[in-house]
Amino acid sequence: MSNKEVKAALKSARDAIRNKEYKEALKHCKAVLKQEKNNYNAWVFIGLAAAELEQPDQAKGAYKKAIELEPNQLLAWQGLANLYEKPNQTDVKGDLADVYQKLLELYKSGDKQKWCDVCNKLVELYHQEKKYLEVAETWQKLIQMRQEEGAEKAELHQLWKKMIQLLKDGTRNQDNKTEQLLLTAFEHAVNSADTVPGEDHQNLYKDFIQCLSKFPHEAARLEKACNDMMALYPTMSYPLEVLCLHFVNSGTLSEEALQCFSRLLEMDTSSGPGIIGFGIKCLQEKKYKEAVKSLTEGLQKTNQCPGAWHYLAEAQVKIHQHRNAVQSCNQALEALEIPEGPNLWWKNLVLQLKAETLVKIADADAAEEAIKALEQIVDASSDPVISAIRGQAYLNKGLMEEASKISQGLLLSHPDLAESHALDGYIHYSQKKYEQAERSFLNAIERKTETAEYHQYLGLTYWFMSDETKRDKGKALTQFLKAAKLDSYLGSAFFYLGNYYRDIAGDKSRARGCYKKAFELDEMDEESGKAAVDLSVELGDMDTALSILNEVTKKASPGTAKWAWLHRGLYYLRSGQPSQAVADLQAALRADPKDSNCWESLGEAYLNRGSYSTALKSFRRASELNPGLMYSIYRAAALEQILGKYENAIATYQQILKKTENYVPALKG
């Protein structure tokens with residue numbers, strides 16, 4: 001076959017393809033290849049015809065042969081791209097990307113429009129595969145190409161926005177390079193917008209700031225973006241809110257941060273981050289109750305803020321709301337989704353605070369939870385303070401041997417640490433070794449004089465050590481006073497002061513004041529509440545006694561606060577108000593249905609009210625619960641007599657006389 005015949009055969013093949021006569025085309029091409037086995041065009045036409053005849057393997061082989069012969073010729077690469085783009089071609093995305101890359105190389109110096117089309121296709125392919133770095137780098141090349149071509153500012157702006165859209169999905173899994181390319185795209189888009197200020201530009205800026213806030217190491221860039229946006233949009237609270245939350249979660253509260261909080265609250269008094277900031281300011285100023293109030297309110301509006309939850313827990317610990325503080329720590333841990341970088345630092349901080357708080361609750365379940373929290377802290381074993389907390393948790397759990405082992409280790413390795421000596425003191429105190437406990441707490445106080453808990457425990461050590469140290473004003477009393485002065489929210493210190501003034505000094509009025517203060521600080525402290533009421537009654541101050549009882553019963557849920565209902569019920573009984581007495585004594589019995597004395601008092605209240613049948617049932621219930629209650633048995637007999645049940649009354653009187661021969665009321669009955 002001559003050169004002329006080869007050309008004619010190739011023309012026939014091309015015409016056959018145009019007429020969709022693909023088998024005919026293959027015949028012509030094979031004839032050419034018999035003569036010229038390295039004919040580029042023949043291989044390309046075979047690829048085309050085989051692809052149309054749905055023979056992909058033959059098509060692929062033909063195109064690859066053509067490429068092997070002429071690697072920098074376009075036709076075979078275009079054909080291979082078309083083949084791989086067909087819907088029935090699976091598992092070829094990697095190969096297709098390589099083909100697109102070659103096409104970009106070949107189009108670069110020639111057809112710019114086709115270069116852009118292929119570039120778009122390649123980006124789409126990478127995006128489907130979630131290869132965000134390749135997406136970013138390829139799209140940036142497209143923008144560069146358009147810049148070199150002299151594209152308008154508006155077109156470039158749209159291209160930067162498109163790059164943002166492509167990369168936004170993968171912010172969570174991006175590597176540092178992709179992240180930087182995304183942030184660069186945002187900066188270009190923000191700076192190339194036409195209408196500034198304007199709604200689109202405003203929304204773009206918001207997206208930019210939101211994106212920056214996801215990258216903790218971009219703090220400086222975030223602060224700059226927020227400040228720039230505030231300069232452009234001075235009435236918008238959004239950048240200021242993000243900046244405030246950034247300061248909260250950074251854990252460092254500078255003067256600039258405090259100014260941000262104030263400025264935001266001036267702009268919007270209902271802003272969650274602003275209210276949180278005010279709460280943190282209160283915490284710094286030791287206004288703990290206001291801090292708890294503001295932080296709680298702010299977190300109801302902005303709850304995904306781990307730093308704020310931690311500050312709330314801190315404030316709650318300061319006012320001894322330990323169970324609430326544990327809940328706040330749990331909320332902080334939930335908000336810390338990804339424990340990396342600054343989040344890991346926060347996580348360790350929150351877990352330590354949670355464990356410290358659980359140890360203060362001082363029961364075995366809380367101790368177990370504290371140990372679990374400590375196990376989650378990274379590098380906890382190297383921190384002696386964490387070891388001391390673990391020792392206290394073991395002590396609260398009753399694991400004396402483990403607690404002692406930690407204590408001995410800390411005293412050897414960290415003899416200058418207050419917590420080492422305090423743990424030793426707690427162990428000796430729990431073993432009633434008061435002399436050793438005294439020495440340990442004095443050592444702890446010497447190293448940390450401002451810790452109220454150490455002074456309180458030293459006071460308790462003196463209280464139980466001997467009568468002499470209990471009575472010595474310079475011992476127990478002095479330590480309780482120091483504890484109360486150092487921590488004015490420490491209800492137990494005021495309770496122990498009440499004990500001293502009542503039992504040692506005999507000063508009922510001062511004791512009552514201390515018990516009242518202790519109860520105001522901790523309404524769950526029944527002992528302080530009862531003592532304050534009892535002393536108020538002894539001092540003839542029924543108004544104070546009633547005001548305490550009314551306050552407790554008003555807040556009490558059904559089946560709780562038995563002591564308050566009982567005290568008030570007995571007061572009403574004594575003061576001739578039987579109906580109120582009945583209601584309160586019934587409430588007391590809901591809390592403790594097996595209290596025989598309470599049933600007896602209820603019987604008395606019914607009797608005074610004239611409800612004889614119910615009174616009889618109450619007295620009978622009292623004597624069933626406690627057969628030794630002669631008064632209840634006698635009252636039941638007397639009521640049977642009043643109700644005309646004479647035989648029952650006689651039998652009950654005889655029952656009393658069997659037990660107590662000379663019980664006069666029964667003889668009389």
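**Charged pairs, a helix and the surface**

At 32% relative accessibility, Lys168 counts as partly exposed, where buried means under 20% relative accessible area, exposed over 50%, and partly exposed in between (1.4 Å probe, protein chains only). The side chain of Lys168 meets that of Asp207 in a salt bridge, with 3.7 Å from N to O. This pair links distant parts of the chain, since Lys168 is in helix H9 (residues 153-168) and Asp207 in helix H11 (residues 199-212), 39 residues apart. Asp207 is also partly exposed, with a relative accessible area of 27%.

The model is predicted: local features need pLDDT of at least 70 and side-chain atom pairs count only at pLDDT 80 or more, while totals for chains, interfaces and linings use all residues. Residues are numbered from 1 along each chain as its sequence is written, and side-chain values use heavy atoms, with hydrogens and water left out.

Side chains of opposite charge can pair when their charged atoms come close. A salt bridge here is a side-chain nitrogen of Lys or Arg within 4 Å of a carboxyl oxygen of Asp or Glu, and by this rule the count comes to 29. Helices are DSSP runs (H or I, at least four residues), numbered from the N terminus.

Another of these salt bridges joins Asp595 and Lys562, at 2.7 Å from N to O. Asp595 lies in the loop between helix H33 (578-591) and helix H34 (596-609), and Lys562 in helix H32 (residues 562-574), so that the pair links distant parts of the chain, 33 residues apart. Asp595 is buried at 14% relative accessible area, whereas Lys562 is partly exposed at 22%. Salt bridges that share partners also join Lys11, Asp15 and Arg18 into one network.

Lys65 is partly exposed, with a relative accessible area of 25%, and Glu68 is exposed, at 59%.

Helix H2 (residues 22-35) has 14 residues and reaches 21 Å from its first C-alpha to its last, close to the 20 Å expected at 1.5 Å a residue; the expected span is 1.5 Å times one less than the number of residues. Which residues of H2 are buried? They are Tyr22, Ala25, Leu26, Cys29, Val32 and Leu33. Because they cover an arc of only 125° around the axis, they are on the same side of H2, the arc being that of the directions from the helix axis to the C-beta atoms. On the other side of H2, Lys23, Lys27 and Lys34 are exposed.

Most residues other than glycine have a negative phi. Lys130 has a positive phi, near 60°, and is found in the loop between helix H7 (112-128) and helix H8 (132-148). Lys130 is exposed, with a relative accessible area of 58%. Asp379 has a positive phi of about 60°, in the loop between helix H20 (364-375) and helix H21 (384-396), and is exposed at 59%.

Note on methods:
Helices (H or I, at least four residues) and strands (E, at least two) are DSSP runs, numbered from the N terminus.
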